[in-house]
Amino acid sequence: MKTTIYLIRHGKTLWNQEHRMQGSKNSPLTDEGKQQALLLQKRLEPISFDEIIVSTSERAQETASLVFPNQSLKLESRIREIEMGAWEGELHQDVKQQYPNQWHAFFNNPLHYSPVGHGERFKDVHQRIAPVVDDIKTQYAGKTIALVSHRITLKVLTNYLINENLESISSQQDFDSTSLTKIVMDENGTHLIYRNETSHYQ
């Protein structure tokens, strides 16, 4: 029995463009982000999906509605982006200047990162996405599904699916806007087919 999972990051947003931290807050897709989603829609159109699972964040829902215009979406709060506390809405350069140690840990030493203000650690994200992965292995066994989520959440989710530890997140390839990552689970294990694929941009 083969279960196929496509992981999708949302399209480029205004705050992505302005180099601001987003987290649990939201900003709308830019025209470029919408175009990215439409290009991905064309790429995925030949594939028959059994379920589209989407983060409750507006930018993820907006992306999913463009990529999957004729399908119902299942909203899932547990795959929302990491909550970044006081950083949300702030420019990257300002956060890096004001909180150099936390900034370094966020990108280079995730297990030692602690949020400024009310927020989440990487371990917290792992704990809330773990039951989602368990659902995929049981409820969606043998099916083809898509998850539309966020940069950090997708890093944690991918690591958990392919049984790698959180510490390795900082050394792995990032996730670009509307990038596509394909994972297949079968009787021989879990296989990362490709990661952060963006050929639909062209």
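Phe-106, Phe-107, Pro-110, Phe-122, Ile-152, Lys-155, Ile-169 and Ser-170 line the largest cavity in this model. Keep in mind that the model is a predicted one.

**The cavity**

- The count of cavities of 30 Å³ or more comes to one.
- The space inside the largest cavity is about 40 Å³.
- Two helices stand out in its lining: α5 and α7 each put in at least two residues.

**Aromatic rings**

- The model has eleven aromatic pairs. Take Phe-106 with Tyr-113: the ring centres sit 4.9 Å apart and the planes meet at 75°, so this pair is edge-to-face, given that anything over 60 degrees gets that label.
- Ring pairs also tie a set of side chains into a cluster, made up of Trp-87, Tyr-99, Trp-103, Phe-106, Phe-107, Tyr-113 and Phe-122.
- Are Phe-106 and Tyr-113 buried or exposed? Phe-106 has a relative accessibility of 5%, so it counts as buried. Tyr-113 comes in at 1%, so Tyr-113 is buried as well. The cut-off here is under 20%.

**The sheet and its helices**

- Six strands make up an open sheet with mixed pairing, and reading across it gives β3-β2-β4-β1-β5-β6. At the edges you'll find β3 (74-76) and β6 (189-197), each with pairing on one side only. Going from one strand to the next, the twist averages 20°.
- Strands β2 (residues 51-55) and β4 (residues 144-149) run parallel and are joined by four bridges. If you want a spot to look at, Val-54 has Val-148 in β4 as its bridge partner.
- Helix α3 (residues 58-67) lies across β1 (3-9), β2, β3 and β4, and runs at about 150° to β2.
- Helix α7 (residues 151-161) also packs on the sheet, where it touches β1, β4, β5 (180-186) and β6. The direction of α7 makes about 160° with that of β1.

**The largest pocket**

- How much space lies in the largest pocket? The figure is about 410 Å³. There are 27 lining residues, and the closest to the pocket centre are Arg-9, Asn-16, Arg-20, His-92 and Arg-151.
- The elements giving two or more residues to this lining are α1 (14-17), α2 (31-44), α5 (100-108) and α7.
- Of these, α1 provides the largest share, with three residues.
- Helices α5 and α7 contribute to the pocket lining, and both also supply residues to the lining of the largest cavity.

- Thr-178 isn't a glycine, yet its phi is positive at about 50°. You'll find Thr-178 in the loop between α7 and β5. With a relative accessible area of 0%, Thr-178 is buried.
- Asn-196 is another non-glycine residue with a positive phi, this one near 55°. Is Asn-196 buried or exposed? At 9% relative accessibility, Asn-196 counts as buried.

Notes. Residues numbered from 1 in each chain as written. Predicted model: local features only at pLDDT ≥ 70, side-chain atom pairs only at ≥ 80, totals over all residues. Heavy atoms only, no water. Phe/Tyr/Trp six-rings, centres within 6.5 Å; stacked < 30°, edge-to-face > 60°. Buried < 20%, exposed > 50% of the residue type's maximum accessible area, 1.4 Å probe, protein only. Pairing = 2+ DSSP bridges. Axes fitted to C-alpha atoms, helices over the stretch in contact; angles between N-to-C directions. Contact = heavy atoms within 4.5 Å. 1 Å grid on protein atoms, 1.4 Å probe; cavity = no way out; pocket = protein on both sides within 12 Å on 5 of 7 lines; lining within 4 Å. Points joined across faces, edges and corners; volume = space filled by probe spheres on them.
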